[in-house]
Amino acid sequence: MKPFAVLLASALLATLPLAAQTPVDPKSPIPGYPDGRGPKGPVVVKIVSPTADEVIPWPATVEGQPAPKGARVEVKVTVENFETFKDEATGRGQHVQLVLDGRALPDWFQTDKPWIFPALAKGTHTLLAFVQRPWEEAIRESGAFAAVTFHVAEKNGKPAFDMAQPAVSVGGPRGKFKKADAAKIFFDVYVTGCKVGPATDPEACQIVYRLNQDPQQILTAWAPAIWENVPVGKHTFVAALYKGEKRIESPYALVQGAFEVVDDPAPATTTTPAAPAAPAG
(Lines give C-alpha, C1' and ligand atoms only; values in the text may rest on other atoms or scores of the structure.)
Protein backbone atom coordinates (compact mmCIF):
# COMPACT_ATOMS: atom_id res chain seq x y z
CA MET A 1 0.00 0.00 0.00
CA LYS A 2 1.36 3.41 -0.92
CA PRO A 3 2.08 5.81 1.94
CA PHE A 4 -0.65 8.33 2.70
CA ALA A 5 0.01 12.03 2.47
CA VAL A 6 0.38 13.11 6.10
CA LEU A 7 0.21 16.64 7.41
CA LEU A 8 2.08 16.58 10.70
CA ALA A 9 1.41 18.67 13.74
CA SER A 10 4.02 21.29 12.95
CA ALA A 11 1.85 22.52 10.10
CA LEU A 12 -1.15 22.81 12.40
CA LEU A 13 0.35 24.77 15.25
CA ALA A 14 -0.80 28.11 13.85
CA THR A 15 -4.44 27.03 13.91
CA LEU A 16 -4.47 24.57 16.80
CA PRO A 17 -3.31 26.34 19.98
CA LEU A 18 -2.04 24.35 22.95
CA ALA A 19 -3.81 23.67 26.23
CA ALA A 20 -3.39 27.16 27.68
CA GLN A 21 -4.90 28.70 24.55
CA THR A 22 -8.00 26.63 23.90
CA PRO A 23 -9.75 28.34 20.98
CA VAL A 24 -13.27 29.62 21.54
CA ASP A 25 -15.92 28.78 18.90
CA PRO A 26 -13.38 27.45 16.35
CA LYS A 27 -14.33 26.86 12.73
CA SER A 28 -14.18 23.27 11.58
CA PRO A 29 -10.91 22.45 9.76
CA ILE A 30 -12.68 19.67 7.84
CA PRO A 31 -15.59 20.27 5.43
CA GLY A 32 -18.89 18.72 6.41
CA TYR A 33 -18.37 19.01 10.17
CA PRO A 34 -20.16 21.57 12.36
CA ASP A 35 -18.14 24.33 13.97
CA GLY A 36 -17.05 24.13 17.59
CA ARG A 37 -18.76 25.89 20.49
CA GLY A 38 -17.11 27.37 23.55
CA PRO A 39 -15.59 26.69 25.96
CA LYS A 40 -17.00 29.16 28.46
CA GLY A 41 -14.14 28.75 30.91
CA PRO A 42 -11.76 26.07 32.18
CA VAL A 43 -13.08 22.68 31.03
CA VAL A 44 -13.55 20.14 33.82
CA VAL A 45 -14.53 16.49 33.25
CA LYS A 46 -15.31 14.23 36.21
CA ILE A 47 -16.36 10.58 36.37
CA VAL A 48 -18.96 10.42 39.13
CA SER A 49 -19.58 6.68 38.87
CA PRO A 50 -18.17 4.12 39.03
CA THR A 51 -15.73 5.26 41.69
CA ALA A 52 -12.06 4.42 42.06
CA ASP A 53 -11.44 0.79 43.08
CA GLU A 54 -15.18 0.14 43.36
CA VAL A 55 -16.24 -3.51 43.07
CA ILE A 56 -19.47 -3.94 41.09
CA PRO A 57 -21.32 -7.04 42.35
CA TRP A 58 -22.01 -9.90 39.98
CA PRO A 59 -25.75 -10.38 39.37
CA ALA A 60 -27.44 -13.30 41.08
CA THR A 61 -28.49 -16.32 39.04
CA VAL A 62 -32.24 -16.59 38.64
CA GLU A 63 -33.69 -20.08 38.63
CA GLY A 64 -34.88 -21.09 35.21
CA GLN A 65 -32.94 -18.27 33.54
CA PRO A 66 -29.56 -18.38 31.72
CA ALA A 67 -26.54 -17.61 33.86
CA PRO A 68 -25.55 -13.92 33.78
CA LYS A 69 -22.92 -13.03 31.17
CA GLY A 70 -21.97 -9.75 32.78
CA ALA A 71 -22.86 -7.07 35.30
CA ARG A 72 -24.79 -3.89 34.61
CA VAL A 73 -22.60 -0.80 35.09
CA GLU A 74 -23.84 2.79 34.98
CA VAL A 75 -21.38 5.50 34.02
CA LYS A 76 -22.10 9.06 35.10
CA VAL A 77 -19.93 11.97 34.01
CA THR A 78 -20.13 15.72 34.63
CA VAL A 79 -18.72 18.33 32.24
CA GLU A 80 -18.18 21.98 33.14
CA ASN A 81 -17.84 24.92 30.71
CA PHE A 82 -18.10 22.76 27.58
CA GLU A 83 -21.29 22.29 25.59
CA THR A 84 -22.07 18.87 24.14
CA PHE A 85 -24.43 18.86 21.17
CA LYS A 86 -25.38 16.80 18.13
CA ASP A 87 -25.97 18.47 14.79
CA GLU A 88 -28.99 16.73 13.27
CA ALA A 89 -27.95 17.46 9.69
CA THR A 90 -24.54 15.75 9.99
CA GLY A 91 -24.97 13.53 13.03
CA ARG A 92 -21.80 15.04 14.48
CA GLY A 93 -21.10 17.39 17.34
CA GLN A 94 -19.17 18.05 20.51
CA HIS A 95 -19.18 15.06 22.79
CA VAL A 96 -17.62 13.09 25.61
CA GLN A 97 -15.25 10.38 24.43
CA LEU A 98 -15.21 7.26 26.59
CA VAL A 99 -12.40 4.72 26.32
CA LEU A 100 -12.91 1.39 28.07
CA ASP A 101 -9.86 -0.86 28.41
CA GLY A 102 -8.21 0.86 25.45
CA ARG A 103 -11.28 0.72 23.16
CA ALA A 104 -12.81 4.03 22.11
CA LEU A 105 -16.62 3.99 22.33
CA PRO A 106 -19.18 5.88 20.19
CA ASP A 107 -19.67 9.62 20.74
CA TRP A 108 -21.63 10.44 23.89
CA PHE A 109 -23.77 13.55 23.47
CA GLN A 110 -26.44 13.25 26.19
CA THR A 111 -24.34 13.29 29.32
CA ASP A 112 -27.39 14.16 31.44
CA LYS A 113 -28.29 10.47 31.08
CA PRO A 114 -26.00 7.64 32.26
CA TRP A 115 -24.02 5.53 29.83
CA ILE A 116 -25.03 1.91 30.42
CA PHE A 117 -22.89 -1.18 30.04
CA PRO A 118 -25.57 -3.89 30.22
CA ALA A 119 -23.20 -6.82 30.72
CA LEU A 120 -19.61 -6.00 31.61
CA ALA A 121 -17.28 -8.98 32.07
CA LYS A 122 -15.65 -9.96 35.35
CA GLY A 123 -12.35 -8.42 36.29
CA THR A 124 -10.60 -5.06 36.43
CA HIS A 125 -11.56 -2.30 33.99
CA THR A 126 -10.19 1.16 33.29
CA LEU A 127 -12.47 3.89 31.97
CA LEU A 128 -11.21 7.18 30.52
CA ALA A 129 -13.30 10.24 29.67
CA PHE A 130 -12.40 13.41 27.79
CA VAL A 131 -14.19 15.87 25.51
CA GLN A 132 -13.82 16.40 21.77
CA ARG A 133 -14.78 18.78 19.02
CA PRO A 134 -17.06 17.46 16.23
CA TRP A 135 -14.01 16.49 14.14
CA GLU A 136 -12.63 14.38 17.06
CA GLU A 137 -10.03 16.84 18.31
CA ALA A 138 -9.58 16.67 22.08
CA ILE A 139 -9.66 19.68 24.38
CA ARG A 140 -6.10 19.84 25.73
CA GLU A 141 -6.64 21.11 29.24
CA SER A 142 -5.48 19.32 32.38
CA GLY A 143 -8.99 19.29 33.83
CA ALA A 144 -10.60 18.00 30.65
CA PHE A 145 -9.56 14.38 31.26
CA ALA A 146 -10.73 11.87 33.85
CA ALA A 147 -9.88 8.25 34.56
CA VAL A 148 -11.12 5.56 36.91
CA THR A 149 -10.16 1.93 37.49
CA PHE A 150 -12.90 -0.29 38.91
CA HIS A 151 -13.76 -3.97 39.13
CA VAL A 152 -16.63 -6.26 38.25
CA ALA A 153 -17.06 -9.06 40.81
CA GLU A 154 -13.30 -9.50 41.30
CA LYS A 155 -9.88 -7.92 40.89
CA ASN A 156 -7.62 -9.60 38.39
CA GLY A 157 -4.35 -7.78 38.95
CA LYS A 158 -4.47 -5.35 36.03
CA PRO A 159 -2.76 -2.04 36.87
CA ALA A 160 -4.82 1.01 37.73
CA PHE A 161 -4.54 4.11 35.57
CA ASP A 162 -2.02 6.50 37.11
CA MET A 163 -2.20 10.14 36.00
CA ALA A 164 1.46 10.58 36.98
CA GLN A 165 2.71 7.89 34.59
CA PRO A 166 3.06 8.55 30.84
CA ALA A 167 -0.07 7.43 29.02
CA VAL A 168 -1.59 7.91 25.57
CA SER A 169 -5.28 7.48 24.77
CA VAL A 170 -6.73 7.41 21.26
CA GLY A 171 -9.65 9.69 20.49
CA GLY A 172 -9.94 8.94 16.78
CA PRO A 173 -10.29 7.86 14.10
CA ARG A 174 -12.72 5.00 14.71
CA GLY A 175 -15.83 3.53 13.14
CA LYS A 176 -16.68 3.95 9.47
CA PHE A 177 -15.99 6.86 7.12
CA LYS A 178 -17.56 7.44 3.73
CA LYS A 179 -15.07 7.72 0.90
CA ALA A 180 -16.00 11.39 0.43
CA ASP A 181 -15.14 12.05 4.11
CA ALA A 182 -11.78 10.28 3.88
CA ALA A 183 -10.09 13.16 2.05
CA LYS A 184 -9.11 14.39 5.52
CA ILE A 185 -9.27 12.22 8.64
CA PHE A 186 -8.14 13.50 12.04
CA PHE A 187 -5.76 11.39 14.10
CA ASP A 188 -5.74 12.62 17.67
CA VAL A 189 -4.59 11.33 21.05
CA TYR A 190 -4.73 12.54 24.64
CA VAL A 191 -1.42 12.46 26.51
CA THR A 192 -1.08 12.44 30.30
CA GLY A 193 1.89 12.04 32.61
CA CYS A 194 4.47 13.72 30.36
CA LYS A 195 4.90 16.80 28.22
CA VAL A 196 5.26 16.30 24.48
CA GLY A 197 8.34 17.85 22.94
CA PRO A 198 11.46 17.21 20.86
CA ALA A 199 13.92 14.45 21.70
CA THR A 200 16.51 17.10 22.52
CA ASP A 201 14.51 17.84 25.68
CA PRO A 202 15.40 15.06 28.17
CA GLU A 203 12.15 15.62 30.07
CA ALA A 204 9.88 15.42 27.01
CA CYS A 205 8.19 12.46 25.35
CA GLN A 206 7.28 12.02 21.69
CA ILE A 207 4.21 10.48 20.07
CA VAL A 208 5.22 7.78 17.59
CA TYR A 209 2.51 6.25 15.42
CA ARG A 210 2.15 4.00 12.41
CA LEU A 211 -0.82 3.67 10.06
CA ASN A 212 -1.11 0.16 8.62
CA GLN A 213 2.38 -0.85 7.47
CA ASP A 214 3.47 2.64 6.43
CA PRO A 215 6.67 4.14 7.89
CA GLN A 216 6.24 5.37 11.44
CA GLN A 217 5.73 9.07 12.08
CA ILE A 218 6.87 11.15 15.04
CA LEU A 219 4.96 14.03 16.63
CA THR A 220 7.04 16.35 18.78
CA ALA A 221 4.11 18.63 19.64
CA TRP A 222 0.81 17.66 21.22
CA ALA A 223 -1.45 18.36 18.27
CA PRO A 224 -3.41 16.23 15.78
CA ALA A 225 -2.19 14.90 12.47
CA ILE A 226 -4.32 14.72 9.35
CA TRP A 227 -4.38 11.63 7.15
CA GLU A 228 -5.30 12.57 3.59
CA ASN A 229 -7.03 10.55 0.87
CA VAL A 230 -7.27 7.35 2.88
CA PRO A 231 -8.37 4.58 0.48
CA VAL A 232 -11.43 2.35 0.83
CA GLY A 233 -10.81 -0.59 3.16
CA LYS A 234 -10.05 -1.49 6.75
CA HIS A 235 -7.16 0.26 8.47
CA THR A 236 -5.27 -0.20 11.73
CA PHE A 237 -2.88 2.03 13.61
CA VAL A 238 -0.69 1.95 16.69
CA ALA A 239 0.59 4.84 18.81
CA ALA A 240 3.18 4.86 21.58
CA LEU A 241 5.12 7.28 23.75
CA TYR A 242 8.88 7.45 23.35
CA LYS A 243 11.78 9.26 24.93
CA GLY A 244 14.36 9.63 22.23
CA GLU A 245 14.66 6.25 20.53
CA LYS A 246 13.35 4.22 23.46
CA ARG A 247 9.70 3.38 23.98
CA ILE A 248 8.38 4.26 27.42
CA GLU A 249 7.57 1.11 29.38
CA SER A 250 4.32 2.09 31.08
CA PRO A 251 1.03 0.15 31.25
CA TYR A 252 -0.87 2.74 29.20
CA ALA A 253 1.87 4.14 26.96
CA LEU A 254 0.88 2.01 23.94
CA VAL A 255 -2.51 1.90 22.19
CA GLN A 256 -4.02 0.45 19.04
CA GLY A 257 -7.02 1.41 16.95
CA ALA A 258 -8.93 0.59 13.79
CA PHE A 259 -11.35 2.22 11.37
CA GLU A 260 -12.82 1.59 7.93
CA VAL A 261 -13.41 3.66 4.80
CA VAL A 262 -16.39 2.52 2.75
CA ASP A 263 -17.50 3.33 -0.78
CA ASP A 264 -19.99 6.13 -1.17
CA PRO A 265 -23.46 4.79 -1.99
CA ALA A 266 -24.26 4.84 -5.69
CA PRO A 267 -26.75 7.54 -6.69
CA ALA A 268 -30.28 6.30 -7.12
CA THR A 269 -31.27 5.82 -10.74
CA THR A 270 -34.57 7.17 -11.99
CA THR A 271 -36.53 4.68 -14.04
CA THR A 272 -38.99 6.08 -16.58
CA PRO A 273 -42.30 4.19 -16.25
CA ALA A 274 -43.41 2.27 -19.31
CA ALA A 275 -46.22 3.78 -21.41
CA PRO A 276 -49.62 2.11 -20.85
CA ALA A 277 -50.66 -0.39 -23.50
CA ALA A 278 -53.12 0.81 -26.11
CA PRO A 279 -56.70 -0.42 -25.61
CA ALA A 280 -57.79 -3.32 -27.83
CA GLY A 281 -59.62 -2.23 -30.97
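## A network of salt bridges

Asp-107, Glu-136 and Arg-174 are linked in a network of salt bridges, a salt bridge being a side-chain nitrogen of Lys or Arg within 4 Å of a carboxyl oxygen of Asp or Glu. This is a predicted model, in which local features need pLDDT of at least 70 and side-chain atom pairs count only at pLDDT 80 or more, while totals for chains, interfaces and linings use all residues. Residues are numbered from 1 along each chain as its sequence is written, and side-chain values use heavy atoms, with hydrogens and water left out.

Arg-174 is buried, with a relative accessible area of 15%, whereas Asp-107 counts as partly exposed at 24%; buried means under 20% relative accessible area, exposed over 50%, and partly exposed in between, with a 1.4 Å probe and protein chains only.

## Other salt bridges

The structure holds eleven salt bridges. One of them joins Arg-92 to Asp-181, the closest N and O atoms being 3.1 Å apart. Because Arg-92 lies in the loop between β4 (71-80) and β5 and Asp-181 in the loop between β11 (175-178) and β12 (184-192), the pair ties together parts that are 89 residues apart in sequence. Arg-92 is buried, at 19% relative accessible area, and Asp-181 is partly exposed, at 22%. Arg-92 also lies over the face of Tyr-33, at 3.9 Å from the ring centre, where a charge sits over a ring if NZ of Lys or CZ of Arg is within 6 Å of the ring centre and within 35 degrees of the ring normal.

A further salt bridge is formed by the side chains of Arg-247 and Glu-249 (3.8 Å, N to O); Arg-247 is partly exposed at 28% relative accessibility, while Glu-249 is exposed, with a relative accessible area of 65%.

Gln-97 is found in strand β5 (residues 95-100) and is buried, with a relative accessible area of 0%. Leaving aside residues up to four places away in sequence, the residues that Gln-97 touches include Asp-107, Phe-130 and Arg-174, contact meaning heavy atoms within 4.5 Å.

Strand β5 belongs to an open sheet of five strands in the order β3-β9-β8-β5-β6, with mixed pairing; two strands pair if DSSP finds at least two bridges between them. The edges are held by β3 (55-56) and β6 (103-104), each with a single partner strand, so one side of each is left without a neighbour in the sheet.

## Aromatic pairs

The structure holds 16 aromatic pairs, counted when rings of Phe, Tyr and Trp (its six-membered ring) have centres within 6.5 Å, with planes under 30 degrees apart taken as stacked, over 60 as edge-to-face and the rest as tilted. The rings of Trp-227 and Phe-259 are stacked, because their centres lie 5.9 Å apart and their planes stand at 25°. Trp-227 lies in strand β15 (residues 225-228) and Phe-259 in strand β18 (residues 254-262), so this pair ties together parts that are 32 residues apart in sequence.

Phe-237 and Phe-259 form a tilted pair, 6.3 Å centre to centre and with 45° between the planes. Trp-227 is buried at 0% relative accessible area, Phe-259 is buried at 3%, and Phe-237 also counts as buried, at 3%.

Methods. Helices (H or I, at least four residues) and strands (E, at least two) are DSSP runs, numbered from the N terminus.
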